[in-house]
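Let me put the structure up and walk you through a few spots.

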Amino acid sequence: MYQNEKTMKTLSVRQPWASLLCAGVKDVENRSWKPSDEMVGKKILIHAGVTPAGKSFFDRIPFEWSSAIENATRYGWIPPFESAPLGCIIGYATLVGSAETTDSLWDARDGQMKWLFSDPYVFDEPIPCKGRLGLFEYPLDEDNLPPAHKAIAFKPHLEGTEAVFPLSDYLMDALKEVPGPYFDVTMENVNEFFDPWVEDAYVP
């Protein structure tokens, strides 16, 4: 319905990285090559690869990443692993540049090139599509994209003396199994929430 003669650059990314990029949680994509200068400032379609994350996924990534992913799922910013969209274009983000190193949490610090993304959107309806290695062209017009929305980024915060937490379906199900809310500690949590709330807060 939305296809036409114009095309857009499309980057195939495995889950949960694809959803994290489109939700604005992840701002860096680690790649082995530098994007061309003509791509900077352009919207890049994000394709979720067909292969889901394996059972050992969390054992293979840094603790800081796993904590951030768990929180993003609990807050409802990204879907749980079992319902994450696969084999489709799920949204887009603007490529604002690249760098060899960054201060981002998502910088793998492995010598790869860091693609820097901003202003992400999630399509209201994913677009089924076969992915390809590297970048590929998909017939969409950057100026006439399907309906999309910003991911809701409701964070824990203080309202007076009360702590307010987001409540997603995923977290609600978890609360049925475990008494009381549970959240992983990240630097973002400490700096923006716990540090001003708890005297002598623990900073990892």
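Let me start with a definition: a charge sits over a ring if NZ of Lys or CZ of Arg is within 6 Å of the ring centre and within 35 degrees of the ring normal. There's a case of that here: the charged end of K150 sits over the ring of Y121, 4.6 Å from its centre.

Now, keep in mind that this is a predicted model. Mean pLDDT for the chain is 84, with 82% of the residues reaching 70 or more. The stretch to watch is residues 194–204, where pLDDT is below 50, although in the model this stretch has 14 contacts beyond near neighbours in sequence. Where pLDDT is low, the predicted coordinates should not be read in detail.

On to the aromatics. The structure holds 11 aromatic pairs. Take W17 and F57: their ring centres are 5.5 Å apart with 55 degrees between the planes, which counts as a tilted pair. This pair links distant parts of the chain, since W17 is in helix α1, residues 17–23, and F57 is in the loop between β3 and α2, 40 residues apart. Both W17 and F57 are buried.

W17 has another partner, W106. How are the W17 and W106 rings arranged? Their centres are 6.1 Å apart and the planes are at 75 degrees, so this pair is edge-to-face; the cut-off for that is over 60 degrees. Again, distant parts of the chain are linked: W106 is in the loop between β4 and β5, 89 residues from W17 in helix α1. Why do we call W17 buried? Because its relative accessible area is 15%, and buried means under 20%. W106 is buried too, with a relative accessible area of 3%. Ring pairs tie W17, F57, F58, W65, F81 and W106 together into a cluster.

Let's turn to the strands, and β3 in particular. It's mostly covered, with 5 of its 6 residues buried. On one side of the story, β3 pairs with strand β1, residues 8–13, in the parallel sense over 4 bridges. As an example there, V13 has A48 in β3 as its bridge partner. Then β3 and β4 run antiparallel, joined by 6 bridges, and I44 stands opposite A93 in β4.

Next, two loop residues. T102 is in the loop between β4 and β5. Is T102 buried or exposed? Buried, because its relative accessible area is 17%. Its side chain reaches the backbone nitrogen of S104 at 3.2 Å. Leaving out residues up to four places away in sequence, T102 touches V28, D107, R109, K114 and L116.

The other one is K130, in the loop between β5, residues 113–128, and β6, residues 135–138. K130 is exposed, because its relative accessible area is 76%, and the cut-off for exposed is over 50%. K130 still touches H47 and F136, again not counting residues up to four places away in sequence.

Conventions: Residues are numbered from 1 along each chain as its sequence is written. This is a predicted model: local features need pLDDT of at least 70, side-chain atom pairs count only at pLDDT 80 or more; totals for chains, interfaces and linings use all residues. Side-chain values use heavy atoms; hydrogens and water are left out. Buried means under 20% relative accessible area, exposed over 50%, partly exposed in between (1.4 Å probe, protein chains only). Contact means heavy atoms within 4.5 Å. Rings of Phe, Tyr and Trp (its six-membered ring) pair if their centres lie within 6.5 Å; planes under 30 degrees apart count as stacked, over 60 as edge-to-face and the rest as tilted. Two strands pair if DSSP finds at least two bridges between them. A polar contact is a pair of N or O atoms within 3.5 Å; within protein, one must be able to donate a hydrogen and the other to accept it, and residues adjacent in sequence count only if both atoms are side-chain atoms. pLDDT is the predictor's confidence in each residue, from 0 to 100.
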